[in-house]
Structures are given as structure tokens and as C-alpha cells.
Amino acid sequence: MNSSDYPRVIYVITSMLLCNLAFAGPSAIGIREEKVMGQAEKQGLRLANSVLGNNRERFVNYTTEAGVWRTQSDGTWTSGFVPGMFWYLWALTGESSWRDKAMHWTEGTRSRATATDNDTGFQIYCSFGLGYMFDETLRSDYGAVMRQGAKTLVDERYNATIGCFRSWDQNTSNPTSLPFEVNIDQMMNLELILWAGQNGGPAGYVDYAVSHADKTWEHNVREDGGTYHVVAYNLDGTVDYKRTHQGWTTDSTWSRGQAWAVYGYTMVYRYTGLPRMLERARICYDFFINETLKDDFNYVPYSDFDAPLDSRNPRDTSAAAIVAAAAIELFEITGEKAFLTDAEAIMEHLSSPRYFSIGTNYQSLLLAASEKWGRGEVGAIFADYYFLETLWRWNGLEREPGVVTGSWGGYDMLDWRFVDTGSWMGWLSASADPYVYNYKIEGWMYAYPGTQSVTGGWFYRYNP
């Protein structure tokens with residue numbers, strides 16, 4: 001196939017409660033949005049002014065376990081997420097100061113377009129790519145930078161015999177050198193290649209990206225839909241070995257790697273319209289959700305799906321945020337409400353006190369991300385980035401008004417779950433009555449049966 005042939009294309013008590021949440025009306029995301037956005041802007045200003053000192057050559061990757069950002073040069077694989085966050089804050093708020101910050105730190109990543117790095121896609125697309133998408137006045141300049149970044153990736157990393165882009169530096173920019181390792185993360189960097197192939201770059205770039213996605217499916221993805229983190233190839237295209245760099249063991253599934261696969265195949269489908277890419281996204285997605293909910297109904301997975309549940313296997317909010325963003329896109333592609341239900345459940349968990357930084361000393365927006373299995377819970381700039389991307393995508397959905405589906409304490413219940421008690425207790429989730437989630441106090445209450453009404457009632461704070 002030639003490139004011209006590609007079309008452009010809550011906390012809950014039981015899982016049954018999630019099945020009753022319809023696509024309409026209010027949601028936990030909307031109820032918490034004002035509070036979430038206030039914290040996002042606060043942390044964004046702290047990052048720009050206090051942490052980075054307005055220096056466009058400084059970036060961040062992870063926080064310490066105490067929540068303090070670790071500053072990095074533009075060479076860190078995460079540099080593009082800093083301006084990317086500011087682009088999303090501009091898109092979400094319309095405040096020009098965020099555009100100024102986004103442009104300032106985007107400029108700081110410009111040199112990455114000619115650098116030897118398998119993560120050029122993250123560095124350039126998440127900065128220049130978002131600027132290109134959100135601001136038409138920047139397209140001439142930013143588009144040229146993106147095409148240059150794609151050319152660098154192709155020239156220094158693509159091996160036509162193997163059909164893949166090589167991961168990591170391995171001390172060389174020669175795509176015929178060994179070891180030739182390909183990690184699952186590399187699926188994400190394909191977006192820059194696909195964009196360039198459809199926007200003025202060589203049309204063959206699309207074929208390179210599709211080849212990489214096909215080879216990754218063949219060798220990085222297991223029959224059950226789980227993923228190997230790293231596959232090493234011989235120069236004749238045969239597989240040499242498989243290993244993990246950030247998971248527990250070679251045969252275990254690192255949850256963020258699985259998230260990259262979900263998002264990556266969804267994104268490749270968006271650019272190519274190839275049905276097999278959508279089917280792969282579904283398979284990887286189902287594996288992620290099933291494994292995440294296997295041990296409890298917490299939509300934030302552990303760092304490794306197969307590792308023992310001990311202190312070496314922390315939660316990873318970054319994996320959850322990546323999949324939430326992909327789930328909204330999968331909903332838009334398929335119209336299947338289950339994807340939106342999962343996205344909302346993930347975002348309700350991420351915006352809850354367990355994982356959101358309000359009331360803490362953390363400098364990141366989200367708590368409890370993971371660099372890799374065996375390390376502690378930290379903040380991660382890409383967790384914050386994909387959280388804001390999910391919020392932006394969610395705001396772009398067309399939603400119908402809430403439907404009255406019952407009553408609770410004299411108040412209308414909307415969509416089988418939400419109750420607005422106004423100044424009394426604010427918004428509640430009452431689908432598990434007599435256990436009621438109060439979004440004002442961010443906790444569960446036990447509503448003594450038969451006593452709750454518009455004039456009050458007996459309630460107990462409940463800590464499940």
C-alpha cells in the first residue's frame with residue numbers, strides 16, 4: 001500500500017455502578033473542573049516562575065518523592081511536555097499569558113529537531129505540534145521545525161530492512177549499528193513521522209510509521225494483548241532478544257508501556273484509517289482496563305501489572321492519564337459509550353484527594369506517578385500533560401443536558417447518579433445510596449436511610 005492510499009482521517013462501591021453511568025449531563029470531571037483548573041493554573045505558574053525561573057533552557061521530568069521538581073536540560077525526553085502543558089492551559093482558559101509561556105518554552109526545544117534522540121516526537125510534537133494546532137499564525141515556522149524533526153528521526157533511526165525506528169542513543173546515530181532495540185514507547189514518536197508524511201514531508205514517511213506499528217504488533221505485543229517493553233533485532237530483521245527496562249521482568253507488563261500502546265495505535269488509526277490499527281488499540285485497551293481493575297476498582301494501575309503488590313510496585317497516574325486521553329478519542333471514533341465511561345472514571349480518580357495535589361506541597365499537578373517498577377511514587381510532567389489533554393478532549397465533546405432519573409432527599413437525581421443540593425452540600429453521587437459521595441468534602445458519607453431530605457438529615461463520614 002502506498003502512503004497516498006491512507007485516508008486522513010469515583011470512587012465507586014461496585015463495578016455495576018459504572019455500567020449505569022450514561023453519556024449525558026453532569027460528570028465528576030465537570031463537577032470538579034473549576035477546582036481542577038484553579039490548581040492547574042497555580043501549579044503551572046509555580047513551574048514557570050519558581051521552578052524554571054522563566055528560563056526557556058530549563059525543563060523538568062520527575063519530582064522527588066517529596067514532590068519537588070527535578071530540573072533538566074532540553075535534552076531530557078520530557079522537554080516537550082512543559083510547553084505542551086502551557087499550550088493546553090491556553091486552550092482551556094483562553095488567557096494569552098499561557099500562550100506566551102507556551103511559545104517561550106517551545107522555542108527552548110527547537111534544537112531537538114536536529115538532535116539524535118528517539119524521543120524527538122515527544123520533544124517536538126508536544127511543543128511545536130500543539131502550537132501548530134492551536135495557533136494558525138505559527139504554522140509556517142512551526143511546520144518547518146516539525147518536518148525537520150521527522151527527517152532527523154528517519155535519517156538517524158529508521159532501518160528499512162528491520163522496518164522500525166531504533167530506540168535510545170546507544171552512542172550512535174547509525175541505524176545499522178547494534179544493538180537495535182525498539183521499545184513500546186516508540187509508538188508515540190510515530191505521530192511526528194505521520195504528521196510530516198501528510199503535511200509536506202516525504203509521503204513515504206507514512207509507510208515507515210505503519211511498518212513500525214506492524215512490527216511492534218508482531219513482536220512487542222503478546223497474544224493476550226499485553227506488551228513486552230523492549231525487543232532487540234538483528235540487522236536481518238529477526239528478533240535477537242526481548243527484555244524490560246522499566247518493568248518487573250521480561251514477561252511482565254509495565255503499565256505505562258501498555259498505555260503507550262493503547263494511545264499509539266489509536267493515534268496511528270487517526271492518521272491512516274487502517275482498521276487493523278483500531279483493532280489493535282481495542283485489544284491493548286481491554287488488556288489495560290481488565291488488568292487495572294483486577295485487584296480493586298481503582299482506575300489507577302500499579303507500575304507493573306504482574307509484579308507483587310508491594311512497595312516496589314507503586315501506582316502510576318501517568319499510565320491512567322495516557323489511557324484516559326486515548327479512551328476519549330476511541331469514544332469519538334467508535335461512538336461506544338464504554339470508552340467515555342472509563343475515561344470519566346479514570347479522571348474522577350485522578351482528580352480525587354488520593355491523586356490530586358490540592359492541599360499538598362507537591363509541585364506537580366498529579367501525585368503518584370511512577371518512573372519505573374522498583375522506584376517510589378513521584379510527580380511526572382507527562383502525567384500532568386496527559387491529564388490536561390484529557391480535560392481538553394473532554395471539553396470538546398458535545399454533551400446533552402442531564403436527564404432526571406429519580407430523586408434523592410427531595411432533589412432530582414440526574415443520570416442515575418448525580419444530585420445537586422446547592423448550598424446545602426453541593427454535588428453528590430448518590431447511586432450507591434445510602435453511601436453517598438460528597439464532592440464538597442471529597443469523601444463518602446453514610447446517609448441514614450429515610451432521614452435525608454431538603455431540610456437536612458443524619459449523615460456519617462464514611463471511610464471505606
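Is Lys294 buried, exposed or partly exposed, and what is its relative accessible area? Lys294 is partly exposed, at 48%, where buried means under 20% relative accessible area, exposed over 50%, and partly exposed in between (1.4 Å probe, protein chains only).

This is a predicted model, in which local features need pLDDT of at least 70 and side-chain atom pairs count only at pLDDT 80 or more, while totals for chains, interfaces and linings use all residues. Residues are numbered from 1 along each chain as its sequence is written, and side-chain values use heavy atoms, with hydrogens and water left out.

The whole structure holds 25 salt bridges, each a side-chain nitrogen of Lys or Arg within 4 Å of a carboxyl oxygen of Asp or Glu. Three of them are tabulated here.

| Pair | N to O distance | Relative accessible area |
|---|---|---|
| Asp141 and Arg110 | 2.8 Å | Asp141 35%, Arg110 27% |
| Asp155 and Lys151 | 2.6 Å | Asp155 43%, Lys151 40% |
| Lys294 and Glu291 | 2.9 Å | Lys294 48%, Glu291 17% |

Glu291 counts as buried because its relative accessibility is 17%. Elsewhere, salt bridges with shared partners join Glu191, Arg270, Glu329, Glu389 and Arg393 into one network.

On a 1 Å grid over the protein atoms alone, a cavity is a set of points where a 1.4 Å probe fits but cannot get out, and lining residues have an atom within 4 Å of a point. The volume of the largest cavity is about 60 Å³, counted as the space filled by probe spheres set on the points, which are joined across faces, edges and corners.

Definitions and conventions. 1 Å grid on protein atoms, 1.4 Å probe; cavity = no way out; pocket = protein on both sides within 12 Å on 5 of 7 lines; lining within 4 Å.
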